[in-house]
Amino acid sequence: MPPTLASLVHHTALKLTVRAGEDRLDVPVRWAHVSELADPVPYMEGGELLLITALKLDAEDPVAMRRYVKRLAGAGVVGLGFAIGVNYDDIPAALVDAAAEEGLPLLEVPRRTPFLAISKAVSAAIAADQYRAVTAGFAAQRELTKQALTAGPEGLLAALAGQVDGWAALYDASGAVVATAPEWAGRRAARLTPDVERLRDRPAPASAVVGGPEHEDRIELHSLGTGRRPRAALAVGTAATLGTAERYAVHSAIALLTLTTERSRSLHAAEQRIGAAVLRMLLAGQPDHARAVAGDLYGGLLDAPFRMIVAEQPAGGDPLGALTEAAESAAARSGEAVLVVPEGERLVVLAADGGAAVAACAAHAAALESARAVPEPAGDEDELVVGLSAPVGTVAAAAAYKQAEQALSVARRRGRVLVEHEQVAAGSVLPLLADDAVRAFADGLLRALHEHDATGRGDLVASLRAWLSRHGQWDAAAADLGVHRHTLRYRMRRVEEILGRSLDDPDARMELWLALKATSSGQSGD
């Protein structure tokens with residue numbers, strides 16, 4: 001299960017103390033967020049543990065604190081962590097009373113516990129919870145596959161019902177119930193025939209959620225088929241919304257039932273579903289599971305260097321279909337395997353490095369490029385854009401996917417059809433910092449420092465820039481600034497306190513340096 005405030009309080013390394021809201025510590029924590037804004041609510045999504053030092057708050061004013069805490073609770077913030085020994089030696093009584101009145105958990109953070117340690121603890125717990133869900137999903141996939149091979153659709157339905165702690169039903173093309181598990185679900189499944197018939201009128205794959213007073217459960221309907229009209233449907237009834245592991249089980253059941261209910265016309269769609277599962281496993285860092293599920297379907301594709309291709313065309317038409325046809329036809333002619341996964345307006349292709357499929361995609365993109373009589377402006381979303389990763393192996397599939405997405409983003413901005421990651425990585429990174437999203441990130445990261453400097457209490461931004469440019473050499477950076485090294489050390493401690501990040505962390509130093517470069521490039525370009 002996800003981390004809770006109670007699990008953080010019991011975390012021996014954090015040394016947190018509960019000062020208010022003791023009866024609400026079992027609330028899940030979605031993230032830990034540091035903000036010294038007087039009103040951080042516009043930047044909250046709900047479920048956060050907010051970490052503060054009260055740098056910009058009058059924490060001793062009862063009226064201000066009641067208003068502050070009420071807004072946090074209304075925004076869905078699940079807890080407030082207050083660092084003592086920074087701006088206040090103890091949590092002011094006004095804040096403790098306000099939190100107690102509102103029922104908002106208030107945690108005292110000792111001076112020796114950096115906010116970064118709390119953020120890391122939350123992140124690690126969330127990652128562990130996600131890993132457990134994914135692992136359970138893979139186990140469910142193996143069990144469902146086993147049942148499908150040994151006991152057919154009936155055995156698969158029984159296994160699926162057990163995995164989701166509910167019931168499952170299979171329908172034929174007319175909407176009639178073919179099989180249910182457990183048997184007592186037959187009457188519930190029969191009442192869904194009109195819903196299955198409506199689903200049948202939609203192109204496959206299609207899904208719907210059925211609910212209402214006449215249904216005891218939350219029911220999901222999924223079409224099974226590859227043509228214009230689905231040939232079958234799956235219903236899954238549960239008492240609550242499906243979790244990650246249960247969702248894996250349902251998706252696996254859909255793929256396996258498609259394989260067992262479809263005939264020759266379904267083979268291509270079944271391969272795509274398996275390909276999507278293989279791709280998810282590769283992106284989740286599970287190459288052995290991916291190979292086990294893929295079997296011999298993709299030959300030696302997963303055993304040799306491959307490239308990831310990500311294509312998008314949001315405006316409609318069928319350019320993704322043409323790209324799919326180009327890649328699959330070239331692979332078929334050359335006898336090589338290719339994995340093609342359509343994802344709505346996006347297409348993901350995994351093809352052998354140096355093979356015919358990659359060459360065909362590049363040739364298709366080149367033909368589109370030359371066919372444009374009038375160049376379209378950069379970033380036009382009406383055009384097909386393609387990103388191509390560098391050659392990688394299965395252990396680096398997630399990195400390849402990110403490379404392809406980055407190349408695709410560059411292609412969109414530059415008005416190109418296809419960009420290879422090698423082309424993105426060949427030049428300097430500094431021109432990429434001109435992106436509005438990067439500047440927004442930089443402004444947000446450095447905002448607290450600029451606000452501090454605006455009060456006239458120091459020059460933290462310039463000091464941080466000098467210190468980073470000198471690779472943390474105190475004497476050299478202090479000389480550049482014309483201050484004593486002890487003054488510079490004090491300023492760097494204030495930077496850490498304000499940002500809630502340790503400058504010993506290389507990731508933090510990198511992000512801060514890029515943020516400084518992004519803001520300076522934005523100012524120079526004005």
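In the predicted model, helix α14 makes the greatest contribution to the lining of the second largest pocket, supplying seven residues. This helix spans residues 436–454 and is one of several elements that each provide at least two lining residues; the others are strand β2 (31–34) and the helices α4 (115–164), α17 (485–499) and α18 (506–524). The lining of the second largest pocket comprises 30 residues in total, and the volume of this pocket is about 930 Å³. Nearest to the pocket centre lie His33, Val34, Gly444, Leu445 and Leu499. By class, the lining is made up of 13 nonpolar, eleven charged and six polar residues.

A further feature of the model is the packing of two helices, α15 (residues 460–469) and α16 (residues 474–481), whose axes are 8 Å apart and form an angle of about 135°. Because angles over 145 degrees count as roughly antiparallel and those of 65 to 115 degrees as roughly perpendicular, α15 and α16 are therefore classed as oblique to each other. The crossing of α15 past α16 is right-handed. On the α15 side, the contact involves Ala462, Ser463, Ala466 and Trp467, while α16 contributes Trp474, Ala477 and Leu481. In terms of residue class, six nonpolar residues and one polar residue form this contact between α15 and α16, and no charged residues take part.

Note on methods
Residues are numbered from 1 along each chain as its sequence is written. This is a predicted model: local features need pLDDT of at least 70, side-chain atom pairs count only at pLDDT 80 or more; totals for chains, interfaces and linings use all residues. Side-chain values use heavy atoms; hydrogens and water are left out. On a 1 Å grid over the protein atoms alone, a cavity is a set of points where a 1.4 Å probe fits but cannot get out, and a pocket is an open set with protein on both sides within 12 Å along at least five of seven lines; lining residues have an atom within 4 Å of a point. Grid points are joined across faces, edges and corners, and a volume is the space filled by probe spheres set on the points. Helices (H or I, at least four residues) and strands (E, at least two) are DSSP runs, numbered from the N terminus. Ala, Val, Leu, Ile, Met, Phe, Trp, Tyr, Cys and Pro count as nonpolar, Asp, Glu, Lys and Arg as charged, and the others, Gly among them, as polar. Axes are lines fitted to C-alpha atoms, for helices over the stretch in contact, and angles run from 0 to 180 degrees between N-to-C directions. Angles under 35 degrees count as roughly parallel, over 145 as roughly antiparallel, 65 to 115 as roughly perpendicular and the rest as oblique. A crossing is left-handed if the near helix is turned anticlockwise from the far one by less than a right angle, and right-handed if clockwise. Contact means heavy atoms within 4.5 Å.
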